Amino acid sequence: MKDSIANLVRSNIKHLQPYQSARRIGGDGNILLNANECPIPVVFKTNLTLFNRYPECQPKSLISFYSNYVGLSSSQILVTRGADEGIELLIKAFCNPRKDAIICCPPTYDMYAINASISNVETKEIPVFHDTWQIDLDNIQRNLDKVKLIYICNPNNPTGNIILKQDIINLLDKTLGSSLVVIDEAYIEFSSENSMVELLKDHPNLIILRTLSKAFALAGIRCGFTLAHKEIINILNKVISPYPIPTIVTDIAIQALSKSGIKNMKDRVSTLNLNRHWLVNELHQISWVKKIFNSHANYVLVKFHMFEQIFQHLWNKGIILRNQNHKVYLKKCLRISIGSYSECLRLIEEIKILSNK
Ligand SMILES: *Cc1c(COP(=O)(O)O)cnc(C)c1O
C-alpha cells in the first residue's frame, strides 16, 4: 500500500524538501525568536456569531480599509491567505510547468523556490553580491530567458538589508514586457520609507506583497495582500479559491486597519525598532559575536564564533533562534527575531554567561 502511494506521487513532490517553518522545526521554548512574529500580543474581539454563509471572495470592506492604508485604488488590491498565498497564486497564474522559470536572489525567503518546485517551474538562483547584499542586475539580465517572475524580498529576509530603489527601477525597465517583478514587503512597516508602492503608478510590471503577520501582530489569522495593476489583480482573481478569506479574518483585519489599529501598529514598530537598536548595541560588546548585519526589519542576522554552541545552549534554555548556517554566504549565522525588551534582555544575559565561560 505504502509503495503504491509512493508511485502515485508526482516526481517533483516525491523529492520535495518542504518549507522548514518555525512551527515545524519546533523547539520547546518560552522565548520564540525564530519566526519574526510580533512579540507583543494584541487583543482583538469579535461580535460575529453566525457562520452559516460563505464569505465574499474578496471582502469589499477589508479592501477598502487596506486601500486607505496603502493609498491605492481598490482595483489594485487582492486579499490572500497570508502573503504566502500571493507568492503561490502568481506562479499558478503566470508560469507554465516545465516551461517557464522564476528568479530569486539568495540568501532570501525560501517560499519562492519551494512554490516554484511544487508547480514544476524552474528556479534560477542569482545570488546577491556578497559584500553589499544588493541584487546582481547584470547576472539577472543574462538569465531572463523563460523567466516570468522575479522575486525580490525588501527588506530581505534573513539579511535585513534594503534593496536599492534605483536597482529595482532599472530591473523594472529592463524586464518590461517579458517578466513581472515581485517585491515582497512583508517587513516594510519597520522602514516604511523604503516601500516601492509609489512605483506602481509608472511600472505596470511591478507587484508588491504585503502581510498582517509581522508588524500588525496577526500571524495567526493568515491575511495578506497583493498590490498590482488592475489587469494583474483580475488575472489573480481567476485562480484564487472561491472563498479564501474566512469571515472572522475579515472582521479582525478590519479592526487592525482602523485608524487606532494603525496607530497601535506604528507604536509597536517604534518599540521594536528601539529594542533592535538596544540588542545590536549589546551584541557588539560580546566577544563571540563576529559580525552583525545592519537590519531594517524586526530581526537581525548575526555571525558568531561558536555559533552551534550558542544556538544549542539558548535552545536548551527555551530561547529559540533561527539557524541560517546552511544558506549561501551565511555560514555560522543565526537570525534573531526582535522580542520584547525583557526577552532581548534574557537573550543577552544567556549569551554573556556562555561567552565569558
Ligand atoms: C513571513 C513572511 C512571509 C509570509 O507572510 P504570511 O502573510 O504570514 O504568509 C512572506 N514573505 C516573507 C519574506 C516573510 O518573511
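Buried area is the accessible area (1.4 Å probe) that two parts lose on being put together, summed over both. The legends below apply to a predicted model.

View 1. To the contact, domain 1 gives 24 residues and domain 2 gives 33 residues.

**View 2. Area buried between domain 1 and domain 2.** Together the two domains bury about 2200 Å², with 61% of this on carbon and sulfur atoms. On the domain 1 side, the residues that lose the most area to domain 2 are His 296, Tyr 299 and Tyr 329. These three make up 29% of what that side buries.

**View 3. The salt bridge between Lys 327 and Asp 110.** The side chains of Lys 327 and Asp 110 meet with an N to O distance of 3.6 Å. Across the interface of domain 1 and domain 2, 1 salt bridge is found.

View 4. Two elements, α11 (259–284) and β10 (299–304), each give two or more residues to the side of domain 1 that touches domain 2. The largest share of that side comes from α11, with 9 residues. Sorted by class, the domain 1 side that touches domain 2 holds 12 nonpolar, 8 polar and 4 charged residues.

Technical notes: Residues numbered from 1 in each chain as written. Predicted model: local features only at pLDDT ≥ 70, side-chain atom pairs only at ≥ 80, totals over all residues. Heavy atoms only, no water. Contact = heavy atoms within 4.5 Å. Salt bridge = Lys/Arg side-chain N within 4 Å of Asp/Glu carboxyl O. Helix = DSSP H or I, 4+ residues; strand = E, 2+ residues; numbered from the N terminus. Nonpolar A, V, L, I, M, F, W, Y, C, P; charged D, E, K, R; others polar.
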